Amino acid sequence: MFINVLKRHRYICNVKYLILFFPLLFMSCKEQNNETNDQPIVEGPALKGKQSLADYADRMVRAKLGIQANEQFELKIYRAQLDADGIEDAIVTVNRLDFAMKEAMASANPAKRAELGYMGNFNYFFFFDGKLDMLSPPISIPSSPLLPLQVQFENISSPDYQDILIDFRIRNASYKDFYTVSNHTPRRIFQFKNFDGLGTKLTEAYHFQFGAGSYGVQKNIFVMEGQLETLPAGEDKNTFVPKIKPFEKIKFTFFYLEREAKYATKDSQ
């Protein structure tokens, strides 16, 4: 579940393992994440049928988020096979920057909201289940709507289907969420920073590699060190997308724990 307080890398230790726990920084906005545990998040009889996925997604997104006809928003569709049924699925992302800016203008301190990158629940994704022909309820990712969510796919949980990697921005830091689809439901299994401290003297940056799993078919995740590009003069630290120079140096190794249904690491290296 998303939690509304971001702390720097903090790991909850038990006798043997250090379970990854990266909550998200978040002003005073209240999260409305619809993540569930293992219960399906599909709902209602709203099937795509003979509509195109784009038309169906647009109609359902407007209905589920209460988007008015005059609101401008960005919708993108990313297609991949995301579970073991052999049928193509999709991730639909929604960015509501227009709504965020209008909401900020109506607030008591619009300048402060702008300074903080309009942080709030304005970036969403939906899972389209190809077999069920249905779209999930919205899953919010509290972040800055100045930059939309970025989606990639990787074979991590299985060689037969792909998992979902979503990048999002919180001011001058970027994070990556890892989701796997289980029982028709995207379930977050890992989160880590892409970078932090952009525009300051104290920066950190990472990239990711994957290898054979230590305890099962799920691949290990190797967090590799990197060097963050310097913020150019005149660029906004809340919106500039820096390059990361990768180093072949492992910072952390994470492995999947079946009993925890998430990734963990031993004592930090």
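**Strand β9 in a predicted model**

Visitor: What makes both faces of β9 count as covered in this predicted model?
Guide: D163, L165, D167 and R169 on one side are all buried, and so are I164, I166, F168 and I170 on the other. In a regular strand the side chains alternate between the two faces of the sheet.

Visitor: Why is β9 (residues 163-170) called mostly covered?
Guide: Buried means under 20% relative accessible area, and 8 of the 8 residues in β9 are buried. Across the protein, buried residues make up 50% of the 269 residues.

Visitor: How do you know that β8 and β9 pair?
Guide: Pairing needs at least two bridges. Strand β8 (residues 150-154) and β9 have 5 bridges, in the antiparallel sense, so they pair by that rule. Within this pairing, F153 has I164 as its bridge partner in β9.

Visitor: What makes β9 and β10 a pair?
Guide: The cut-off is again at least two bridges, and 7 bridges join β9 to β10 (residues 173-182), therefore the two strands pair. They run antiparallel. I164 stands opposite Y179 in β10. The hairpin of β9 and β10 has 2 residues between the strands, and R171 there takes a positive phi near 55 degrees.

Visitor: What is the pLDDT over residues 1-40, and what is the mean for the protein?
Guide: The mean pLDDT of the protein is 86, with 82% of its residues at 70 or more. Over residues 1-40 the pLDDT is below 50, although this stretch has 120 contacts in the model beyond near neighbours in sequence. Where pLDDT is low, the predicted coordinates should not be read in detail.

Notes: Residues are numbered from 1 along each chain as its sequence is written. This is a predicted model: local features need pLDDT of at least 70, side-chain atom pairs count only at pLDDT 80 or more; totals for chains, interfaces and linings use all residues. Side-chain values use heavy atoms; hydrogens and water are left out. pLDDT is the predictor's confidence in each residue, from 0 to 100. Contact means heavy atoms within 4.5 Å. Buried means under 20% relative accessible area, exposed over 50%, partly exposed in between (1.4 Å probe, protein chains only). Helices (H or I, at least four residues) and strands (E, at least two) are DSSP runs, numbered from the N terminus.
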